[in-house]
Number of protein chains: 2
Amino acid sequence: MSVTAAKGFVASGVVAGLKSTGLPDVALVVNRGRSAAAAGVFTSNRSKANPVIWSQQVLADGAARAVILNSGGANCFTGAFGFQTTHSTAETVAEALDVSAGDVVVCSTGLIGVGDQVFRDKVLAGSRAAASELSPDGGLAAASAIMTTDTHPKQAVVQGDGWSVGGMAKGAGMLAPGLATMLVVLTTDADLPSGALDAALREATRVTFDRLDSDGCMSTNDTVVLLASAESGVTPTQADFARAVTALCADLARQLQGDAEGASHDITVEVMGAETEDDAVDVGRSLARSNLLMAAVFGNDPNWGRVLAAIGTTNAVFDPYDVDVSFNGVRLCAKGAPDRPVTDVDMTPRALHILLDLHAGPATATILTNDLTHDYVHENSAYSS
Amino acid sequence: MSVTAAKGFVASGVVAGLKSTGLPDVALVVNRGRSAAAAGVFTSNRSKANPVIWSQQVLADGAARAVILNSGGANCFTGAFGFQTTHSTAETVAEALDVSAGDVVVCSTGLIGVGDQVFRDKVLAGSRAAASELSPDGGLAAASAIMTTDTHPKQAVVQGDGWSVGGMAKGAGMLAPGLATMLVVLTTDADLPSGALDAALREATRVTFDRLDSDGCMSTNDTVVLLASAESGVTPTQADFARAVTALCADLARQLQGDAEGASHDITVEVMGAETEDDAVDVGRSLARSNLLMAAVFGNDPNWGRVLAAIGTTNAVFDPYDVDVSFNGVRLCAKGAPDRPVTDVDMTPRALHILLDLHAGPATATILTNDLTHDYVHENSAYSS
């Protein structure tokens, strides 16, 4: 149970024939509760897919009743025909559920440029089928249907005091960036207005999905939606709710990192001693985006020189000759000079912790990333996505 | 002939034992002409190696007599001892040549953090040996001694009217960025003051080395130096000289691109229709830094969707739904929608031309890059550099 863990929600996942594998590829999540409050965050990529353009409008009034999601085609850069497909998808779902099309969020993932008549026909038929199979036990089916290169479905639940928030996610990427589109649907039975949902969601994504940077690439389709049914009858404090949503998103983000395309290491980059949190994030992200460092990690080489070379490209406040770098607890570089020998570091575990102390202030941030491997290159050269 | 093509220059390349292969690893280029005018540009990485810190000071007065270069160790983040090694290297060369140490540029390339007593002893002995083997025919030996992962030496010459400018280069990287340190020494017998050299060199590197972006990583050691002997007795116009230096740098940049680590495609990204040249450069660079696009190119997949996803992350002025994308002359995307089928593109040649028309203005720029391959990952995970 996950996206249907909270009271008032049903879901389904069906085979629409969009995936060549014949696996489920259309998912639907519906809020049948007293409230239709909703909030969403979307990719910051200026090249936005049709479903993103549509769904931003849907959520502008803080209300939504359903989220329909398809894999097997991103419906991005598919012209006016593609946007009409998104619109028709929302209308098809709305008709089946007897709600307004303006309350149906649409999400798509797959190859950019795919969105022809065949695609449309399959998505619309799949949407009707999904509406007919809705169930309080449909969470796993929905989480499975949104998978693309994911090797397993991602779900999580956080229990509050008389209420809960649950969710599902797909993608080996991140909100910003990550072309392996991240789609996340969160549901809660807490009784909160859309403004409270929006604030909690932005607070949560800022420190979770936004800090998952697997390959530095930003998708055109990333979407995170939060629906609230109010069916618990409980109104938690904003702080309690935000804490729960953040814990949920952190759980899902770790699951996404652990299933990133081709990765052999799950890397936690912890930056401390920064002047500001933004500086700490910039510095952490510069490591995540260094191909040379990420290839070294794949080779089990704790290459601290590449760490210092990467952070030197940022505008963060620090003196490169005053920086400490540790790999898995072993300080290899102290104040910009060699410290303990690299042979002291055991790089064989999948989990790797890189700690930087900038000695420039009190701020910290943590970035999650993955190494650059042969499997990554293989998957992204052989698999057109 | 290259770095010794212009009158007044001698060079050498010797084995100092820094490379485990036993190949030449210390090079020296000396200006014996009437003038010691010189100029240089350096990495914009804030994490600068000791030789960069030293050489920026050397060139502050617009004069230099010699450039000593070593492979086998970057002498970066090696503490105060490392800086003393750079200083001693300059003094050793100065003594052998009977010039001031303040006129000796020092360049190093290799692993960051390497710079112990053994390294120092080998560099100093190699510097003395190089000074004793200087020759007007030493250009190739010098170009060979600065190679690291390069598979062949890079040299070029451009003839002016009674004067010439020649040079040598190493590295699979770029001035900014490229951790496979780019070291370039250019020599001319034109009679020009350092200000003229500096202006021509900056104009040239801005549109050549600065637009070679193989893997998005910026070295701590990148250096481009231009020495002028005045031995031709000819003072070309600034425009003629700048044109020759630009042609020379463009030639060397293409050679660096063609020998980039592990690459299987040499990609020319041409951006037209930009509002400003800076916008065109930003857009072109966003392609070069997209791992997903570069992996697709390795797989001979003309993935125009990943092109649009990449440019959407920039702040350049354009409408994503008004952009055309062509691969090798085949327009695959017109105004943000599919145009000709991807199967029309022959991706098998090593050379690939990606053309973007932003339809936002008159400006253009060209970025050179390479694809992301298994060999790149292998070389940078197995080879500690």
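**Close-up 1. Salt bridges and polar contacts across the boundary between chain A and chain B.** In this predicted model, the count of salt bridges between chain A and chain B is 0, whereas 16 residue pairs, both partners at pLDDT 80 or more, are in polar contact between chain A and chain B. On the side of chain A that touches chain B, at least two residues each come from α1 (50–58), α8 (291–298), α9 (304–311), β13 (337–338) and α10 (374–382) of chain A. Of the elements on this side, α10(A) gives the most, with 6 residues. Sorted by class, the side of chain A that touches chain B comprises 26 nonpolar, 24 polar and 5 charged residues.

**Close-up 2. The area buried between chain A and chain B.** About 4,200 Å² is buried between the two chains, and carbon and sulfur atoms give 58% of this area. Within chain A, the residues that lose the most area to chain B are A:R46, A:F77 and A:L292, which together make up 18% of what that side buries. The contact draws on 55 residues from chain A and 55 residues from chain B.

Close-up 3. A:W304 is placed in helix α9 of chain A, and its relative accessible area of 7% is under 20%, so A:W304 counts as buried. When neighbours within four places in sequence are left aside, the contacts of A:W304 in chain A are with A:V325, A:F327, A:L332, A:C333, A:A337, A:P338 and A:V342, and those in chain B are with B:F77, B:I112 and B:G113. Between A:W304 and A:A316, which are 12 residues apart along the chain, the C-alpha atoms are separated by 18 Å.

Close-up 4. Over all chains the count comes to 6 aromatic pairs. One of them joins A:W163 and A:F241 in a tilted arrangement, with 5.6 Å from centre to centre and 50° between the planes. This pair links distant parts of the chain, since A:W163 lies in the loop between β6 (154–159) and β7 (164–170) of chain A, while A:F241 lies 78 residues away in helix α6 (residues 238–258) of chain A. Both A:W163 and A:F241 are buried. Because B:W163 sits in the loop between β6 (154–159) and β7 (164–170) of chain B and B:F241 in helix α6 (residues 238–258) of chain B, the pair ties together parts that are 78 residues apart in sequence. B:W163 and B:F241 are likewise buried.

**Close-up 5. Salt bridges within chain A.** The structure holds 26 salt bridges over all chains, among them that between A:E277 and A:R211, whose closest N and O atoms are 2.5 Å apart. A:E277 counts as partly exposed at 29% relative accessibility, whereas A:R211, at 8%, counts as buried. A network of salt bridges also links A:D150, A:K154 and A:D259.

**Close-up 6. Two salt bridges within chain B.** The side chains of B:R289 and B:D213 meet in a salt bridge with an N to O distance of 2.9 Å. B:R289 lies in the loop between α7 (277–288) and α8 (291–298) of chain B, and B:D213 in the loop between α5 (194–207) and β9 (223–228) of chain B, so the pair ties together parts that are 76 residues apart in sequence. At 40% relative accessibility B:R289 counts as partly exposed, while B:D213 counts as buried at 0%. A further salt bridge joins B:D322 to B:K335, with 2.6 Å between the closest N and O atoms. Because B:D322 is in the loop between α9 (304–311) and β11 (324–327) of chain B and B:K335 in the loop between β12 (330–334) and β13 (337–338) of chain B, this pair ties together parts that are 13 residues apart in sequence. B:D322 is partly exposed, with a relative accessible area of 21%, and B:K335 is partly exposed with 49%.

Note on methods:
Residues are numbered from 1 along each chain as its sequence is written. Chains are lettered from A and ligands numbered from 1 in the order in which they are written. This is a predicted model: local features need pLDDT of at least 70, side-chain atom pairs count only at pLDDT 80 or more; totals for chains, interfaces and linings use all residues. Side-chain values use heavy atoms; hydrogens and water are left out. Contact means heavy atoms within 4.5 Å. Buried area is the accessible area (1.4 Å probe) that two parts lose on being put together, summed over both. A salt bridge is a side-chain nitrogen of Lys or Arg within 4 Å of a carboxyl oxygen of Asp or Glu. A polar contact is a pair of N or O atoms within 3.5 Å; within protein, one must be able to donate a hydrogen and the other to accept it, and residues adjacent in sequence count only if both atoms are side-chain atoms. Helices (H or I, at least four residues) and strands (E, at least two) are DSSP runs, numbered from the N terminus. Ala, Val, Leu, Ile, Met, Phe, Trp, Tyr, Cys and Pro count as nonpolar, Asp, Glu, Lys and Arg as charged, and the others, Gly among them, as polar. Rings of Phe, Tyr and Trp (its six-membered ring) pair if their centres lie within 6.5 Å; planes under 30 degrees apart count as stacked, over 60 as edge-to-face and the rest as tilted. Buried means under 20% relative accessible area, exposed over 50%, partly exposed in between (1.4 Å probe, protein chains only).
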